[in-house]
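Here is a walk through one structure, from its core to its surface. Keep the sequence and the model side by side.

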Amino acid sequence: MKFVSLIAGSALVASASAFAPASSQTRSTSSVQAWKEDTVVGITPPVGFFDPLGLSKGQSDSTMQHYREAELKHGRVSMAACLGWYITASGVHPAFNSALSTNPLEAAKELAPVGWLQFVLGCGAIEWLAQQIKTRPGYQAGDLLGAAYWVDDSDEGWVDYQNREINNGRLAMLAFMGILVQDLQFGSYGDQIFRDLSYESQLALLSSGLDCNPLKKRDPDLIFQQVLLTAMHARSTWPSTLEPRLGL
């Protein structure tokens, strides 16, 4: 459990550090407003410019670009993490002959040191390459493949593509937090979207002497679990005609 707590704590610290302001950068409210007016990517309905904690207040253009870079990176990692989580949960470990646990958290503890070395070196190589790419003239936040040299934000199709990536990345960040809580709190690490929660979860609750109805007992953990999974199920099944309206 200490290992799991270390993973969760490290993820939170990394996420928070991505939004740490640089002290040497000039801050002005007008700069943020100008950035919002010039930016057509990531400000989508129904939320618009989403900053409930006011992290953008008084920040410079370069800091806002750093925030966008961090958001894209965390979103991409989260999308990969959600996919990798369920691949592991299905028992597939291509590099280890499917010998590790199907519980991703347990599999992380079972991973040999050489596996962790490969993981750290691989991530480090990608990060080093990204830092080199960022030094090129005309670099846009998150544009590691150089698409900005061929297309710009005047192309509606390109803007729509970027909005889809950002919104799906935002959803993946929330989804992975839910997946992690699901495993830590309830010990369920497989696909919970299409599974009858009232069967396994309520059996566990019955054995512990708790009421199975979260609304009756006002159990915040179960209410959060069911609301989150219902939202994920709705996202996976809603009509594709709604996606353009929501910028997904």
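**Charged pairs, core and surface**

Lys73 is partly exposed, with 33% relative accessible area. The classes are set by relative accessible area: buried is under 20%, exposed is over 50%, and partly exposed lies in between (1.4 Å probe, protein chains only). This is a predicted model, in which local features need pLDDT of at least 70 and side-chain atom pairs count only at pLDDT 80 or more, while totals for chains, interfaces and linings use all residues. Residues are numbered from 1 along each chain as its sequence is written, and side-chain values use heavy atoms, with hydrogens and water left out.

Which residue pairs with Lys73 in a salt bridge? The partner is Glu127, and the closest N and O atoms are 2.9 Å apart. A salt bridge here is a side-chain nitrogen of Lys or Arg within 4 Å of a carboxyl oxygen of Asp or Glu. Glu127 sits in helix H5 and Lys73 in helix H3, so the pair ties together parts that are 54 residues apart in sequence. Helices are DSSP runs (H or I, at least four residues), numbered from the N terminus. Glu127 is partly exposed as well, at 32% relative accessible area.

The whole structure holds 7 salt bridges. Some of them join up: Arg68, Glu71 and Arg170 are linked in a network. Take Arg68 and Glu71 to begin with. Their closest N and O atoms are 3.3 Å apart. Both residues lie in helix H3, 3 residues apart, about one turn of the helix. Arg68 counts as buried because its relative accessibility is 12%. Glu71 is buried too, at 17%.

Glu71 also bridges to Arg170, with closest N and O atoms 2.5 Å apart. Glu71 belongs to helix H3 and Arg170 to helix H6, so this pair ties together parts that are 99 residues apart in sequence. Arg170 itself is partly exposed, at 25% relative accessibility.

A nonpolar core is a set of buried Ala, Val, Leu, Ile, Met, Phe, Trp, Tyr and Cys residues joined through side-chain atoms within 4.5 Å. The largest one has 7 residues: Cys82, Trp85, Leu105, Ala172, Ala175, Ile179 and Leu180. H6 gives the most, with 4 residues.

Met173 is also in helix H6. Is Met173 buried or partly exposed? At 24% relative accessibility, Met173 counts as partly exposed. The C-alpha atoms of Met173 and Val77 are separated by 8.5 Å, although the two residues are 96 apart along the chain.

Patches are made of residues with over 30% relative accessible area and no salt bridge; like charges are joined within 9 Å, and nonpolar side chains (Val, Leu, Ile, Met, Phe, Trp, Tyr) within 5 Å. Leu83, Ile87 and Val92 form a nonpolar patch with about 250 Å² of accessible area together. Accessible areas come from the Shrake-Rupley method with a 1.4 Å probe, and for residues only the protein chains shown count as cover. Val92 is in the loop between H3 and helix H4 (104–110). Val92 is partly exposed, at 39%.

A negative patch is formed by Asp152, Asp153, Asp155 and Glu156. Asp and Glu count as negative, Lys and Arg as positive; His and the chain ends are not counted. The charge is placed at CG of Asp, CD of Glu, NZ of Lys or CZ of Arg. Asp155 lies in the loop between helix H5 (113–133) and helix H6 (156–186). With 36% relative accessibility, Asp155 is partly exposed.

Definitions and conventions
Helix = DSSP H or I, 4+ residues; strand = E, 2+ residues; numbered from the N terminus.
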